[in-house]
Amino acid sequence: MNEAPSKGSLVRRIRPLLICAVLLAATATATMPGAYPAAAAEPSGPAGEEPTPLGQVIPAPLSVQEKGEPFTIDERTVIRVPGTSGKSGSDGASGSSASSAGGAGTDRESRKARGVGDRLAELLRPSTGFALPVTAKPGADGIQLRLEDDGKGKSALGGEGYRLEVTEQAAVVSAPTTAGLFHGVQTLRQLLPPRVESKTEQPGPWQVAGGTITDKPRYGYRGAMLDVSRHFFGVDEVKRYIDQLALYKVNKLHLHLSDDQGWRIAIDSWPRLATYGGGTEVGGGPGGYYTKADYREIVRYAGERELTVVPEIDMPGHTNAALASYAELNCDGVAPPRYTGIEVGFSSLCVPLERTYDFVDDVVRELAEMTPGPYLHIGGDEAHETSPEDYAAFMERAQKTVARYGKKVIGWHQLAEAEPAEGAVVQYWGTSGAADEPEVVEAARKGTRLILSPANRAYLDMQYNEDTPLGLHWAGYVEAQQSYDWDPGSYIEGAPEDAVMGVEAPLWSETLENSDHIEFMAFPRLPGIAELGWSSAASLDWDAYRVRLAQQAPRWEQLGIGFWRSPQVPWPADEG
């Protein structure tokens with residue numbers, strides 16, 4: 001996924017100048033030109049501060065009606081959650097799924113909803129200084145999370161929609177599912193002053209504007225990919241990124257777990273994949289890998305924030321780490337050395353070798369066993385050392401293996417050059433809107449679903465401009481407007497609009513080594529991709545979006561996110 005698609009061979013040679021970006025990766029984000037540094041001081045609330053308008057959030061809501069007085073969080077505020085048929089949590093109150101804060105839902109859903117309430121309280125308590133007890137006791141006041149039918153049937157809001165109704169007495173988030181409640185809470189969070197993100201007590205007021213938001217996503221798949229293979233990122237770094245994704249209603253975390261430079265997941269039946277193949281990275285660093293317990297912890301943490309983990313094992317190309325770990329996977333029986341560069345397209349599993357399919361079966365089986373989500377990504381890109389005939393034969397068998405273990409296949413768009421299995425999803429990463437990839441259009445017309453990640457729009461590792469100290473630019477320089485100003489529904493010319501399943505923002509890590517680097521490249525572009533996935537096509541307007549985007553800066557500052565201070569955005573410091 002590291003070069004623009006073209007007819008014929010895709011093999012490229014990245015200019016030596018780009019290698020310098022790897023060395024620059026150790027530079028602290030705060031020293032990057034154009035970076036907006038993390039907060040050094042704690043801002044106070046201005047007197048007479050007005051609540052944030054309901055429509056000033058990202059992603060843009062489907063419907064907004066401003067009306068009435070604001071709701072104020074104060075020392076008396078409680079967070080009311082659905083009750084269960086047994087005893088509720090810390091306050092010892094009992095209730096039922098029909099309590100005033102509960103509405104419809106099973107006990108399991110109610111417990112998950114309480115988890116949403118608990119995490120909201122954990123966010124609000126440090127900055128407000130209020131106790132904010134979480135309770136299942138009935139009441140008409142406070143912050144309320146309700147699992148309930150909206151009167152029109154669950155289909156009206158879908159599986160992730162919500163309604164936020166704010167009056168002087170209460171702020172009520174209602175939804176058919178806990179996913180909807182969680183997304184509604186993220187909207188509520190953005191409507192509070194940015195200093196609510198502080199870990200120390202801040203002055204109020206803590207107000208939410210009066211009115212109603214009715215909201216649901218345009219697409220069910222709204223993803224972000226993190227490449228942990230070129231450089232390894234630990235569990236805490238992945239969790240930090242998950243928290244940032246959740247704020248903008250991203251619901252899929254695609255982990256690129258294997259590549260030429262490193263294998264990052266423990267596989268019991270092939271232990272050297274992790275212990276040897278995971279022992280290096282770009283530039284020759286120590287690398288690393290996730291134990292199965294690590295991976296399950298990431299999956300758990302993501303699930304609590306309504307993100308589904310989509311693991312990727314790239315094959316038959318991008319496999320040098322595996323080939324180096326086991327000589328028996330090579331056609332000549334000789335293991336190549338481990339690789340620490342950034343070239344692509346030189347490695348391939350041995351397609352005629354039956355042992356290859358034992359390997360694929362074991363890896364897919366073990367990964368499927370610890371992945372509760374429905375998808376498993378099998379890569380399939382840049383297999384330049386594999387003949388078209390071998391590629392088609394390999395992908396046919398690999399897809400059957402994924403299906404055998406109960407998962408749905410996702411593959412990069414080269415999968416369309418083979419034969420996508422029924423139910424398989426193709427992820428487009430080109431730069432031409434598929435003009436040079438007729439197989440993608442044909443597959444979409446035959447019913448294959450598409451995830452859109454055009455590299456010159458959605459790749460977060462592309463440099464903003466020629467002076468960006470991190471990233472690459474083989475797909476061009478990608479500024480904030482270019483990453484936002486396109487419509488996924490019409491991007492692939494000739495493909496049915498309903499073939500588009502969603503969007504994803506990949507972040508490749510040739511030049512990235514830590515969370516500071518991730519955030520500098522992801523912000524401010526990530527929220528824009530998230531909005532393309534959530535908001536209606538009618539609401540996508542760069543001029544309006546850039547104003548809303550600018551108002552996110554103080555929140556990022558409080559969260560310690562150093563970001564690219566794009567000159568295309570009227571950041572608050574530029575006003576006046």
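The following conversation goes through selected features of a predicted model.

Visitor: What does the secondary structure of the protein chain come to?
Guide: The protein chain has 17 helices and 19 strands. Helices (H or I, at least four residues) and strands (E, at least two) are DSSP runs, numbered from the N terminus. This is a predicted model, in which local features need pLDDT of at least 70 and side-chain atom pairs count only at pLDDT 80 or more, while totals for chains, interfaces and linings use all residues. Residues are numbered from 1 along each chain as its sequence is written, and side-chain values use heavy atoms, with hydrogens and water left out.

Visitor: What percentage of the residues in the protein chain is buried?
Guide: Of the 576 residues, 60% are buried. Buried means under 20% relative accessible area, exposed over 50%, and partly exposed in between (1.4 Å probe, protein chains only).

Visitor: What share of the contacts joins residues at least 24 apart?
Guide: Among contacts between residues at least 6 apart in sequence, the share is 77%. A contact here means heavy atoms within 4.5 Å.

Visitor: Let us turn to helix α2. What span should it have, and what do its ends show?
Guide: Helix α2 covers residues 107–128, and its 22 residues should span 32 Å at 1.5 Å a residue; the end C-alpha atoms are 31 Å apart, which agrees. The expected span is 1.5 Å times one less than the number of residues.

Visitor: Which residues of α2 are buried?
Guide: Among them are Ala-113, Arg-114, Val-116, Gly-117, Leu-120, Ala-121, Leu-123 and Leu-124. The cover over the buried residues of α2 includes β4 (79–80), β5 (134–135), β6 (142–147) and α3 (178–191).

Visitor: What follows the helix?
Guide: Gly-129 follows α2, and its phi is positive, near 80 degrees.

Visitor: Which residues other than glycine have a positive phi?
Guide: His-318 is one of them, with phi near 55 degrees. His-318 sits in the loop between β13 (308–312) and α7, and it counts as buried because its relative accessibility is 2%. Ala-434 also has a positive phi, of about 70 degrees. Its place is the loop between β16 (425–428) and α10 (438–445), and Ala-434 is buried at a relative accessible area of 3%.

Visitor: Where are cis peptide bonds found?
Guide: One joins Ile-58 and Pro-59, with omega about 0 degrees; Pro-59 lies in the loop between β1 (35–36) and β2 (63–66). Another runs from Phe-523 to Pro-524, with omega near 20 degrees, and Pro-524 belongs to the loop between α14 (515–522) and α15 (525–534). As background, most residues other than glycine have a negative phi, and most peptide bonds are trans.

Visitor: How many disulfides are there?
Guide: The count is 1 disulfide, where a disulfide is a pair of cysteine sulfur atoms within 2.5 Å. Cys-331 and Cys-350 form it, with their sulfur atoms 1.9 Å apart. The two cysteines are 19 residues apart, both in the loop between α7 (320–325) and α8 (354–369).

Visitor: What is its handedness?
Guide: The torsion about the S-S bond of Cys-331 and Cys-350 is about 105 degrees, so the disulfide is right-handed.

Visitor: Are these two cysteines buried or exposed?
Guide: Cys-331 counts as exposed, at 60% relative accessibility, whereas Cys-350 counts as buried, at 6%.

Visitor: How much space lies in the largest pocket?
Guide: About 590 Å³. On a 1 Å grid over the protein atoms alone, a cavity is a set of points where a 1.4 Å probe fits but cannot get out, and a pocket is an open set with protein on both sides within 12 Å along at least five of seven lines; lining residues have an atom within 4 Å of a point. Grid points are joined across faces, edges and corners, and a volume is the space filled by probe spheres set on the points.

Visitor: Which lining residues lie nearest the centre of that pocket?
Guide: Of its 21 lining residues, Leu-123, Arg-189, Glu-197, Lys-199 and Asp-243 lie nearest the centre. The elements giving two or more residues to this lining are α2, α3, α4 (235–247) and α17 (553–559).

Visitor: And how many cavities are there?
Guide: The count is 1 cavity of 30 Å³ or more. About 40 Å³ of space lies in the largest cavity, and its largest share of lining, 3 residues, comes from α15.
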